[in-house]
Amino acid sequence: MNTTKRKLIIAVDGHSSCGKSTVAKDLAKKINYTYIDSGAMYRVITLFAMRHNLIDGDKLDENKLAHLINDINITFSYNDELKRHETFMNGELVEDEIRSLDVSNNVSLIATIKFVREKMVTLQRKLSEAGAVIMDGRDIGTVVFPNADLKIFMTADVEVRAIRRYKELKDKGDDISLDAIRENVKKRDFIDENRDESPLRKADDAIVLNNSHMTKEEQLEWIVARMAEVE
Ligand code: CDP
């Protein structure tokens with residue numbers, strides 16, 4: 001049983017498709033914390049930009065997005081029936097669409113934009129005001145919550161990550177190839193690590209979790225043990 005009195009802020013950062021959100025959701029459920037998926041926010045902005053034809057290849061119409069970004073309202077709720085967290089864009093359920101390979105192929109471009117990041121960070125901090133939060137992303141331990149109580153930096157081998165994401169999308173019925181997924185994972189790692197704005201990097205005080213050869217249960221136990229050390 002969890003006997004924590006302190007409401008911790010737990011930051012989970014790391015590479016694409018390494019299972020950050022899976023473990024963060026499992027942990028939130030286990031200890032009754034709020035889970036916040038910061039990547040979903042960047043995915044919503046991306047979907048919005050795609051629908052408004054603001055993306056052409058590697059080019060984004062930044063001016064138009066800057067004008068329109070305040071029209072985008074991002075909300076989350078937990079669907080009890082389906083037992084899943086769901087993301088809404090201006091009230092529309094977009095949970096599945098934001099996970100598509102099309103959105104994944106454009107999201108890292110959107111995530112390089114300074115005004116997009118500033119707006120998302122403000123929202124992330126606002127949603128966490130009550131504490132007892134676990135948030136996953138790329139810059140949570142470095143930028144959003146530099147004083148987080150526990151920082152975890154997750155990673156896994158590229159091939160392992162590609163196969164996991166492939167299975168996830170296949171299970172949803174998407175018609176995609178493993179090669180296309182692998183390319184997307186590698187490309188996003190590259191863009192995320194090399195952008196000027198809040199690049200993906202391990203915070204100095206983050207603990208590394210390489211889960212290439214771990215089961216979901218093992219990684220959950222690992223995090224619970226790390227929590228016990230800071231409680
Ligand atoms: O689930 P997966 O790890 O594949 O990605 P995600 O967490 O949904 O994030 C999608 C993309 O959003 C990442 O590739 C980053 O480019 C961007 N992102 C970010 O820049 N900062 C965050 N805090 C979260 C996501």
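This is a predicted model: local features need pLDDT of at least 70, side-chain atom pairs count only at pLDDT 80 or more; totals for chains, interfaces and linings use all residues.

**Ligand and its surroundings**

I began with Arg-43: an N or O atom in its side chain is 2.6 Å from an oxygen atom of the ligand. I count such a pair as a polar contact, meaning two N or O atoms within 3.5 Å; within protein, one must be able to donate a hydrogen and the other to accept it, and residues adjacent in sequence count only if both atoms are side-chain atoms.

Before going on I noted the ground rules. Residues are numbered from 1 along each chain as its sequence is written, and side-chain values use heavy atoms, with hydrogens and water left out.

I then looked up two further side chains. A polar side-chain atom of Lys-20 lies 2.9 Å from a ligand oxygen, and for Arg-195 the distance from a polar side-chain atom to a ligand oxygen is 2.8 Å. How much of the ligand's accessible area does the protein cover? On its own the ligand has 530 Å² of accessible area, and the protein covers 97% of that. Accessible areas come from the Shrake-Rupley method with a 1.4 Å probe; for residues, only the protein chains shown count as cover.

Next I listed the shell. I found 19 residues around the ligand, and the closest are Arg-43, Arg-117, Asp-139, Asp-192 and Arg-195. I sorted the shell by type and got nine charged, six polar and four nonpolar residues. In this sorting Asp, Glu, Lys and Arg are charged; Ala, Val, Leu, Ile, Met, Phe, Trp, Tyr, Cys and Pro are nonpolar; the others, Gly among them, are polar.

Which element gives the largest share of the shell? H2 does, with four residues. Helices (H or I, at least four residues) and strands (E, at least two) are DSSP runs, numbered from the N terminus.

**Asp-139**

Asp-139 is in the loop between strand S8 (133-137) and helix H6 (140-144). Is Asp-139 buried or exposed? Asp-139 counts as buried because its relative accessible area is 1%; buried means under 20%, exposed over 50%, and partly exposed in between (1.4 Å probe, protein chains only). I also checked Leu-200, which is 61 residues from Asp-139 in sequence but 6.1 Å away in space, C-alpha to C-alpha.

**Two positive phi values**

Most residues other than glycine have a negative phi. I noted two residues with a positive one. Asn-53 has a phi of about 55 degrees and is not a glycine. Asn-53 is in the loop between H2 and strand S3 (55-56), and I noted Asn-53 as exposed because its relative accessible area is 68%.

Ala-132, also not a glycine, has a positive phi near 55 degrees. Ala-132 is in the loop between helix H5 (114-127) and S8. With 13% relative accessibility, Ala-132 counts as buried.

Val-23 is part of helix H1 (residues 20-31). I recorded a relative accessible area of 0%, so Val-23 is buried. Val-23 and Leu-220 are 197 residues apart in sequence, yet their C-alpha atoms are 6.1 Å apart.

Glu-218 is in helix H9 (residues 216-230) and is partly exposed at 39%. From Glu-218 to Val-12 I noted 206 residues along the chain and 16 Å between the C-alpha atoms.

Gly-57 sits in the loop between S3 and strand S4 (59-60). Its relative accessible area is 53%, so I marked Gly-57 as exposed.

Technical notes: A residue is near a molecule or strand if one of its heavy atoms lies within 4 Å of it.
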